[in-house]
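Here are my notes on the model.

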Amino acid sequence: MTEIGPDADLSFQSFVGRDLRGVDLSGANLRRAILDRADLEGANLSGADLQNASMIGTNAMKAAFDNADMRNVKAKKARFGLANFQNARMDGADLRGIRGRYAVWRGANWWDAKMNDDLRAALTKKWPRDD
């Protein structure tokens, strides 16, 4: 298996249910990776390419996604509390049912993602769109 770490190419690989707490995946290629139910608490995914990845039911509490490319990621019911999404790209991401009200969304285009109306309302108050 490919070594897990910064700038690693982990595209198209499965990490279902894996314990990846605190791992440094900054700049990693995780395109189409399957991270369903993985534990990414405190992990660093800054600058990672997560396009079309699956993160259904993933625990990413306190994880860093700064400048990550999360276009079309499927993250239904993921836990993103206290995570950092500064300047993340989220076009077409499916964030329905997530917990992420207390995450940092500054500069992220969360408004282009699918999410529950109550979360959208909370984010609109705290992180208005910069037009």
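1. Contact here means heavy atoms within 4.5 Å. The model is predicted. Leaving aside residues up to four places away in sequence, R96 touches K76, K77, K114, M115 and N116.

2. Where does R96 sit? R96 is in the segment before α1, the helix spanning 117-126. N116 is 20 residues from R96 along the chain, yet their C-alpha atoms are separated by 5.3 Å.

3. The side chain of R96 makes a polar contact with the side chain of D94, at 2.6 Å.

4. Now the rings. The count comes to five aromatic pairs. One of them is F65 with F85: the ring centres are 5.1 Å apart and the planes stand at 10 degrees, so this pair is stacked. Both F65 and F85 lie in the segment before α1, and the pair ties together parts that are 20 residues apart in sequence.

5. F65 is buried, at 0% relative accessible area. F85 also counts as buried, at 0% relative accessibility.

6. W110 and W111 make an edge-to-face pair, because their planes stand at 70 degrees, with ring centres 5.6 Å apart. W110 is buried, with a relative accessible area of 3%. W111 is partly exposed, at 24%.

7. Which residues do ring pairs link into a cluster? They are F65, F80, F85 and W105.

Conventions
Residues are numbered from 1 along each chain as its sequence is written. This is a predicted model: local features need pLDDT of at least 70, side-chain atom pairs count only at pLDDT 80 or more; totals for chains, interfaces and linings use all residues. Side-chain values use heavy atoms; hydrogens and water are left out. Helices (H or I, at least four residues) and strands (E, at least two) are DSSP runs, numbered from the N terminus. A polar contact is a pair of N or O atoms within 3.5 Å; within protein, one must be able to donate a hydrogen and the other to accept it, and residues adjacent in sequence count only if both atoms are side-chain atoms. Rings of Phe, Tyr and Trp (its six-membered ring) pair if their centres lie within 6.5 Å; planes under 30 degrees apart count as stacked, over 60 as edge-to-face and the rest as tilted. Buried means under 20% relative accessible area, exposed over 50%, partly exposed in between (1.4 Å probe, protein chains only).
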